[in-house]
Each structure stands twice: as structure tokens, then as C-alpha cells.
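Take a look at the model below. Keep it open while you read.

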Amino acid sequence: MTNVDFIVVGQGLAGSVLSLKLIDAGYTVMVIDKPELSSCSRIAAGIWNPIVFKRLTKSWMIDELLPELLSFYKNAETQFHIPLITERHIVKLFSEQQEADLWKKKATSEVENYLDKTVYHDNDFAGIKISAFGYSKVLKSGNLDVKTFLKATQLFLIERQSMLSEEFNHQDLNITETISYKNITAKKIVFTEGFLIKNNPYFNYVPFKPAKGEVLTIETKNVKIGTNIINKNAFLMQLESNTYKLGATYNWEDLNENQSQSAVQELQDKFKKIAQVDYTILKHESGVRPSVIDRRPVMGQHPKHKNVFLFNGLGTKGVMLAPYFAQRLVNYFKSNESLLEEVNVSRFNKFFVN
Ligand SMILES: Cc1cc2nc3c(=O)[nH]c(=O)nc-3n(C[C@H](O)[C@H](O)[C@H](O)COP(=O)(O)OP(=O)(O)OC[C@H]3O[C@@H](n4cnc5c(N)ncnc54)[C@H](O)[C@@H]3O)c2cc1C
């Protein structure tokens, strides 16, 4: 019999960040994950962008999220002895003069910390199409190598004998004063199953609005963008020399992980507007983002079972949201700190049928 403080179901971004933070706070965990079930975190570009491009406003809570993001992933780099994050600029290519004008206005007012004030016209990027309206840069952005982070976390958990690599079967869960699952007993269980929450009988009342996304890895010798991420309705980010990630699509209807030809076409069309160069597609990947209807994370206690918890709803911004909100959940466990109402699963209690 194994006895732990927490069972964590799922080792995507949510489960990985939460487990590391629980261990750091002195708790024992058993993480149960079958990676083949959902590839969302594993295929993500891992970009954090402090700006919402649609309205050129700050991303929700960015001033709180960013310091936690940097300190958490930098600590993980030290702990695992591997590079995980790259601080980058996002180069926003303008399509019309109004875009450039709005940018200049916002860069000297509410989002000044995150926007370069200059509109550039010189083409510093070989192969990239710069229009007459120029481009500018989002500052303080970057990306996490999510796949490497998850692998390193998995190895760390295996070494500590805190990982079970198998499918979690909800029927085998027994909830009384304590939690028991097969030969494991725990004080609490936290579900971090991403969009597969839909199979979870305890939390399937939470109104998710998942969004499928697809990305391509392409190879070309004809583009030079350094560590910058190029953005114009799609992003282009260098992985290794001559290979680039191109993404991403959004689809709210076709909610499976199969790769679609229509996504390849869409991304190729978008790429043509960013660069007109020859390239080869090396890889095509897809996943489903666990977004909630109100586009906020969702976490906290089950309305009936006091030792059953949820940490989910990271949507399109898992890299940015996970460190800050996992820390809030750990503080809730450790010091009874209350959760933000905006993210508390209790906001959906009206949908729960006992
Ligand atoms: C194409 C694409 C691009 C993206 N790009 C970015 C980006 O640039 N920046 C960003 O911040 N976010 C990005 N995202 C979003 C990001 O990937 C998500 O926010 C994040 O990965 C969600 O993590 P999660 O742990 O909640 O879910 P998941 O990654 O789905 O993890 C859930 C885990 O639980 C496991 N699991 C589920 N059920 C069971 C079960 N019954 N038994 C055992 N294991 C189980 C799954 O196999 C999986 O390992 C992107 C998403 C997509 C699809």
C-alpha cells in the first residue's frame, strides 16, 4: 500500500507544474498519467505573449503572472540542469496604417511596459515580407520548451517513485474520509486531465469549450529570424537551425486529435503572407485546448466531495497561467488562502446535479 498526501491525475502542463509545487511545499504525491491520451501540452509552442493582439491590451493578470512564470521555469532549469525557456520578442507585422497608429498610441500609454515604441521599416529578417506599414515588437515574451519540461518532470517523478504511467480509471476510485485508488491511499485527489475532463464523472458538469489546434514543423534555409517570433495571423518560431514551428489553428467543432488537411491548407495560406520562400513540412501535430466557457482557469473543491479537487481550464495560455495558479492552489491547501472567485470551480456549482 502506498500512502500519499495527493493523487494527481494527468501530467500535462497543469499536472506537472502543480506536482512540482506540491512537492516543493513538502507534500507527497502520486501522479497518474497516460501521455498517449492527450497531446495538447506536448505539441504546444509554449509561447507566452503579454499582449492580446485583437485589442492591443494587456493579457489578463499579466503583471502578476509574468514574475511567477519566470521564477518558476528558471528554477526548473536549475533543478533539472537543462535549458527550458527562451526569452524572445514577438515581431508583429502590420497590414494597415491604423494598426501601426494604434500600436504607437498604446505603446506610450497603458501597455507601455510590453510594447516597443518604434515602428520599424528596415527588413532585418531574411525571407520575411515586411509591408509599407512596417512592424514593431512585443517585449517580455518568450517560450517554454514544453515537451522537454514535461519529460524532465516525468523522470523526476519516476525517480522519486511518485509516478504511475497508466490510464486512470474513475470507476476504481473510492472516496470516503480518505481517497483510495487501487493500492494507493491519499488525503486528496486533484484532477488535471485537460480536455479529457469530459470523461470525469466528478467534474463533467463544468462548462468547457475546448478548442482544437494544429501546428506544423517546417524546414527552410531561406528565412532568418533569430530568436524573434514572427506574427501575422499565425506565428513562426525557430526551433533548430532551419526548422520552424508554424501555428496555430483554432477549431471549436472538430474536437478530436486527428490531423486535418484543412489545417495544413490554412497554415500554408497564412505562411504565404509571412514569407514567400520554399519549405518542406516535416511534422503536423494536433491537440485540444481545455478552455472554459468564460475563458478563465478552473480550480478548487468539488461541491460534494471535500477531498476531490480540480486544476484545469488553462485554455490557450497554459504556460503563463499554470505557475501562478498552481501556487494559489498550493497556498489554499497549505494556508487556507482563498481562491480568486473568477477561477474558483464554485462559480459553476449551479450546474452541479447531486
Ligand atoms: C496547437 C496548440 C498550440 C498551443 N500553443 C500554446 C502556446 O504557445 N502557449 C501556451 O501557453 N499554450 C499553448 N497551447 C495551450 C496549452 O497546450 C494548454 O493550455 C495546456 O497544454 C493544457 O495543459 P493541461 O495539463 O491542462 O492538459 P493536457 O496537456 O491535455 O494534459 C492532460 C494530461 O492528462 C492525461 N490524462 C487525461 N485523462 C487521463 C486518464 N484518465 N488517465 C491517465 N492520464 C490521463 C493526458 O494524457 C495528458 O497527459 C497550445 C495548444 C495547442 C493545441
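Predicted model: local features only at pLDDT ≥ 70, side-chain atom pairs only at ≥ 80, totals over all residues.

Start with the overall layout. The protein chain is split into two domains. Domain 1 takes in residues 2-43, 147-206 and 293-351. Domain 2 takes in 79-144 and 210-289. Their C-alpha centres are 31 Å apart.

Where do the domains touch? Twelve residues of domain 1 are in contact with eleven residues of domain 2. On the domain 1 side, α2 (40-43) and α5 (146-159) are the elements that give two or more residues. The most come from α5, which gives four. That side of domain 1 has seven nonpolar residues, five polar ones and no charged ones.

Now find the ligand. The shell around the ligand draws residues from both domain 1 and domain 2, so the ligand lies between them. How many residues surround the ligand? There are 43, and the closest are Gly 10, Gly 12, Gly 194, Gly 213 and Gly 318. Several elements give two or more residues to this shell: α1, α2, β12 (211-219), β16 (280-289) and α7. By class, the shell has 20 nonpolar, 16 polar and seven charged residues.

Next come the helix contacts. Two packed helices are described by the angle between their axes and the distance between the axes.

Begin with α1 (residues 13-24) and α7 (residues 318-335). They pack at about 40°, and their axes are 9 Å apart. That angle makes α1 oblique to α7. The crossing is right-handed. From α1, the contact uses Leu 13, Ala 14, Val 17, Leu 18, Lys 21 and Leu 22. Facing them in α7 are Gly 318, Val 319, Ala 322, Pro 323, Ala 326, Gln 327, Leu 329 and Val 330. The contact of α1 with α7 counts eleven nonpolar, two polar and one charged residues.

Helix α7 has another partner, α3 (residues 62-80). Here the angle is about 90° and the axes are 8 Å apart. So α3 is roughly perpendicular to α7. On the α3 side, the contact is made by Glu 64, Leu 65, Glu 68, Leu 69 and Phe 72. On the α7 side, Val 319, Met 320, Leu 321, Pro 323, Tyr 324 and Gln 327 take part. This contact of α3 with α7 has eight nonpolar residues, one polar and two charged.

Return to α1, which also packs against α5. The angle between α1 and α5 is about 50°, with the axes 10 Å apart. That makes α1 oblique to α5. How is this crossing handed, left or right? The crossing of α1 and α5 is left-handed. Leu 13, Ser 16, Ser 19 and Leu 20 of α1 meet Val 146, Phe 149, Leu 150, Thr 153 and Leu 157 of α5. Six of the residues in the contact of α1 with α5 are nonpolar, three are polar and none is charged. Leu 13 is also part of the α1 contact with α7.

Finish with the backbone. The peptide bond from Gly 247 to Ala 248 is cis, with omega near -15°. Ala 248 sits in the loop between β15 (243-247) and α6 (261-274). Asn 233 has a positive phi, near 60°, in a residue other than glycine. Asn 233 is in the loop between β13 (229-231) and β14 (235-240).

Technical notes:
Residues numbered from 1 in each chain as written. Axes fitted to C-alpha atoms, helices over the stretch in contact; angles between N-to-C directions. Parallel < 35°, antiparallel > 145°, perpendicular 65-115°, else oblique. Left-handed = near helix turned anticlockwise from the far one by under 90°. Contact = placed C-beta atoms within 7 Å. Nonpolar A, V, L, I, M, F, W, Y, C, P; charged D, E, K, R; others polar. Domains from an automatic or database assignment. Near = placed C-beta within 6 Å.
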